[in-house]
Amino acid sequence: MSTRRQLIERGLVAGVGAAGLMRPGIAEALAAAGREPLDAGTIPQFVTTLPELEVIEAGRGPIELRMREFRTQVLPAEMPRTWVWGYLRPGQEGRSSYLGPVIVAERGTPTEVRWVNDLGRTRSTHLRAWVAATDQTVHWADPLHGEANTCAEAVEVGTPATGMCARHYHGPIPATAHLHGGEVPPVIDGGPDSWYTSDGRFTGHGYYSRHGSAHADHAVYRYPNVQEAAPIWFHDHTLGLTRLNVYAGLAGAYLITDPANPPPTNLPPPTPLAIQDRMFDTDGQLVFPAGVPFIPNPEHPYWVPEFIGDTILVDGKVWPFLEVEPKRYRFLILNGSNARGYEMFLQHRHSHRRGPAIWQIGTDGGYLDTPVKIDPNSGDRELRHLLMLPGERADVIVDFAGLAPGSRLVLRNVASVPWPGGDPPDPETTGRVMEFRVTRQTSRDTSYDPARGAPLRRPMVRLVDPRSGTVARGVRVQKTRQLTLNEVLGDPTSIGGVDYPGGPLEVLVNNTDLPGTDRPDFTPITLRGITTYYSELPREGETEAWEIVNLTADAHPMHLHLVQFQLMNRQRFDVDMYGEAYAAAFAGGAYRPGVGPPLDYRHGNPRALGGNPDIAPFLVGAARPPAPNEAGWKDTIISPPAEVTRIVVRWAPTDLPATTHPRDAFYPFDPGGKHGYVWHCHIIDHEDNEMMRPTHVTRNPAAVRTYVEGRDY
Ligand SMILES: [Cu+2]
């Protein structure tokens with residue numbers, strides 16, 4: 001296996017596009033289980049109204065959300081109903097959409113949510129896709145570890161080449177809820193090891209952030225809501241099972257408003273649009289390709305590198321439509337897909353004319369200063385389509401004014417999968433997201449007009465100057481880290497008559513495959529007998545520049561818990577030349593997958609932490625400042641292949657002045673302590689197979705805390 005190939009060559013599955021490789025196998029794989037794939041091309045489009053998601057106003061007492069299984073209409077009416085998982089209120093037996101609810105919270109008023117796992121056991125679930133896609137060979141939640149976990153034994157006695165533990169998990173279903181984009185204490189972050197089972201017997205026991213408040217079958221998280229107004233969301237985050245739990249339906253929205261810093265009062269009311277892709281069988285049940293013939297390597301008998309579905313859902317309905325008057329509407333768009341990216345624009349269904357424009361008014365972490373026009377007819381490629389990879393949000397306004405009643409517009413998608421180098425979507429199916437139908441106007445539109453460009457907020461604090469793509473004046477960067485993204489590839493192989501093409505074996509952050517990787521340059525922290533080796537240990541109040549060096553063939557949406565940060569710039573580098581220097585830096589002069597960076601994390605590169613050869617001599621061309629619609633607060637940032645993506649992260653609230661001394665910058669709660677956070681790729685399939693690292697924030701000793709949990713967590 002050549003080093004170069006491991007580093008830079010596209011794996012077969014990832015490259016051809018999971019879609020291209022998977023399609024032929026779906027029918028035979030399902031047939032073996034007595035099921036048939038549903039041809040996405042036969043599903044009627046734009047016949048289902050966009051559902052109104054359930055809204056919960058926080059601040060009216062504690063909220064209880066129960067993770068439950070139910071059947072609902074996901075496909076169009078008259079097609080079979082689908083078994084899903086969702087967050088239901090007490091007494092609710094089901095809901096029209098699995099997605100949700102939408103929690104609306106006010107800054108300054110905490111929200112207490114009691115998250116109850118009521119998912120039962122694999123024996124009782126109807127989600128065949130979930131059961132048939134669990135993979136006990138990835139680093140995963142593993143509830144039965146130490147009890148009935150025969151797989152642990154199989155891993156020890158089996159040989160990797162013949163496939164370790166090639167059987168499905170049977171036992172209680174673990175789950176947990178993470179508030180994505182939330183500024184919260186680590187004990188209520190809902191990290192990958194914070195899971196618990198509905199029988200109350202098992203809780204997380206691993207390396208990543210631990211549960212703080214799991215009591216038997218539930219956890220109580222009291223969110224402080226101290227951050228600026230932002231369209232954040234929540235979803236499952238169970239170690240090694242997130243891709244399946246989210247696929248089953250566990251996701252909702254969480255909007256923080258800030259009455260003290262309101263946006264223009266006449267912004268149109270927001271409609272959430274959560275976009276996801278799925279795959280169905282003819283019974284209307286979810287399909288998740290796993291196992292032979294979809295896996296690239298025998299080492300992980302079920303895990304596939306990227307789930308790519310053939311149908312597009314918005315708010316839990318396949319290809320819905322929404323009636324709109326010829327006036328302005330505001331949409332909070334979330335890419336809640338496992339792996340699929342979207343490049344979107346509006347197009348007239350019949351004339352194929354492109355437009356109207358999409359005006360972006362907010363990013364992951366809140367409002368932009370002024371609206372940014374994303375116009376499909378623009379000469380500027382960067383601002384032609386609304387690009388969103390998994391985990392990202394966009395707050396947008398569309399002005400349907402001037403369109404004749406009866407006009408139909410399709411929200412189109414032209415993003416290839418994997419993005420950016422994979423296959424384009426099918427213009428008849430996955431190239432379509434939803435439809436807008438223009439009706440008669442019933443009232444005058446007095447709402448905020450983005451075309452006038454009035455400020456959306458008092459100017460945001462700038463850690464970077466988005467025009468120059470440099471650190472903003474007066475901002476001092478205390479630490480710089482250069483961190484790599486790596487894909488470890490397996491070789492083509494044949495075992496027992498089964499051919500494995502070879503391809504992604506696991507995907508890594510800084511070439512480090514377990515928080516348990518024991519290195520003298522990492523920092524061990526032991527909790528309840530488990531030692532985690534941290535490498536990213538930021539100090540509260542400090543400002544850091546992270547240079548994410550993507551050595552893989554695809555883009556990765558990298559997500560940091562706790563913080564909102566700003567994109568500084570992106571810059572290409574010579575992949576071949578850097579790849580050689582990188583490989584040569586390892587002991588023995590050849591790339592060693594999974595062992596961490598080649599050099600000492602702290603001292604190996606005099607210009608940056610991270611333990612990687614300096615990228616500077618290998619940079620190509622000029623650094624590109626962020627696109628105007630990316631120049632806001634972000635918690636998930638696209639790291640394109642063969643590029644360095646530079647972000648500036650301050651481990652402190654976003655609205656402190658940029659020049660605040662680190663000593664005077666701190667959260668109202670304690671971000672330090674035992675549990676820590678994570679940062680990871682938000683392609684959930686990657687996150688489930690090692691593309692994640694723990695972070696531990698060292699608390700600012702000068703901090704004055706005003707938010708205390710006040711509970712015995
Ligand atoms: Cu990734």
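Two strands pair if DSSP finds at least two bridges between them. With that in hand, here are some exercises on this predicted model.

**Exercise 1.** Work out the strand order of the open sheet of 6 strands, and name its edge strands.

*Solution.* Start with the order, which reads E1-E17-E25-E24-E19-E22, with mixed pairing. Next, look for strands that pair on one side only: these are E1 and E22 (386–388), the edge strands.

**Exercise 2.** Which strands does E17 (residues 320–324) pair with, and in which sense?

*Solution.* Take E1 (residues 48–49) to begin with: E1 and E17 pair in the parallel sense over 2 bridges. Here Thr 49 has Phe 321 of E17 as its bridge partner. Now turn to E25 (residues 432–438), which runs parallel to E17 and is joined to it by 4 bridges. On this side, Glu 323 stands opposite Arg 437 in E25.

**Exercise 3.** Find the sense in which E19 (residues 342–348) and E24 (residues 408–413) pair.

*Solution.* The two strands pair in the antiparallel sense, over 5 bridges.

**Exercise 4.** Which residues coordinate the copper ion, and what spacing do they follow?

*Solution.* List the donors: His 556 (ND1), Cys 681 (SG) and His 686 (ND1), at 2.0 to 2.1 Å. Along the chain their spacing is H-x124-C-x4-H. Because His 556 lies in strand E35 (residues 556–560) and Cys 681 in strand E40 (residues 677–681), the pair ties together parts 125 residues apart in sequence. Finally, both His 556 and Cys 681 are buried.

Methods: Residues are numbered from 1 along each chain as its sequence is written. This is a predicted model: local features need pLDDT of at least 70, side-chain atom pairs count only at pLDDT 80 or more; totals for chains, interfaces and linings use all residues. Side-chain values use heavy atoms; hydrogens and water are left out. Donors are N, O and S atoms within 2.8 Å of the metal (3.2 Å for Na, K and Ca); water is not among the atoms, so sites may look incomplete. Buried means under 20% relative accessible area, exposed over 50%, partly exposed in between (1.4 Å probe, protein chains only).
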